[in-house]
Amino acid sequence: MKKVNFSRVGSEQQYGPRPVGEILNDFLNKSNSPFAVAYRERLLKDLHPNKELCIDLKLYTREPGRMPVGTYLNGAIARKGEDCYMFVENCLKEKKVTSLLRSPHVWKGSCVNVVRRSDGNLYPTFNRPQYSKDFTFKDFCREAAEELLAIASLI
């Protein structure tokens, strides 16, 4: 007989049955996973301003109304004036790194590729041929020469 032993951390109530809507709501509104963040940015585009009267702090949050006591939000505080501050939830976004191709291909052929260097010069590279009884080294050289002549007339 197989005995399954596993331990649970936290209260047993969190492992009890919950409605699917409640689980999805918790995940989409409180999680920092890339999917949940993208969902909030796409569907909850509008920020809801809320001015606190006791201090000069304006909150721009994802949910309308006052914030519950003790709630933590991801975001940034910016100073607008001498005694005036503003908090924007989830305002910091990661910069997406766009990579430039170091040596982009100008021409991709079956035997020869033409590549552009960063200084703008072009140079040919040869593809590795798949030799067989019907396609020998002589055939590869002939096709590569034909491609080089065709490329030279185009560029």
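Q: What order do the strands take in the open sheet of 3 strands?
A: The order is β5-β6-β7, with antiparallel pairing. Two strands pair if DSSP finds at least two bridges between them. Strands here are DSSP runs (E, at least two residues), and helices are runs of H or I, at least four residues, all numbered from the N terminus. This is a predicted model: local features need pLDDT of at least 70, side-chain atom pairs count only at pLDDT 80 or more, and totals for chains, interfaces and linings use all residues. Residues are numbered from 1 along each chain as its sequence is written, and side-chain values use heavy atoms, without hydrogens and water.

Q: Which strands stand at the edges?
A: β5 (105–108) and β7 (122–126). Each has a single partner strand, so one side of each has no neighbour in the sheet. The twist averages 20° from one strand to the next. Such angles run from 0 to 180 degrees between N-to-C directions, and axes are lines fitted to C-alpha atoms, for helices over the stretch in contact.

Q: How many bridges link β6 and β7?
A: 5 bridges, in the antiparallel sense. β6 covers residues 112–116. V115 has Y123 in β7 as its bridge partner.

Q: What does α3 touch on that sheet?
A: α3 packs on the sheet and touches β5, β6 and β7. Contact means heavy atoms within 4.5 Å. The direction of α3 makes about 40° with that of β6.

Q: OK, new topic. How many salt bridges does the structure hold?
A: It holds 1. R142 pairs with D139, and their closest N and O atoms are 3.2 Å apart. The term means a side-chain nitrogen of Lys or Arg within 4 Å of a carboxyl oxygen of Asp or Glu.

Q: Where do those two sit?
A: Both are in helix α3 (residues 137–154). They are 3 residues apart, so about one helical turn separates them.

Q: Is D139 buried or exposed?
A: D139 counts as buried, at 17% relative accessibility. R142 is partly exposed, at 43%. Buried means under 20% relative accessible area, exposed over 50%, and partly exposed in between (1.4 Å probe, protein chains only).

Q: Back to strands. Which side chains in β2 are buried?
A: L57, L59 and T61, which point to one face.

Q: Which strand is β2 joined to by 4 bridges?
A: β4 (residues 85–89), and the two run parallel. L59 stands opposite F87 in β4.

Q: And how many helices and strands are there?
A: 3 helices and 7 strands.
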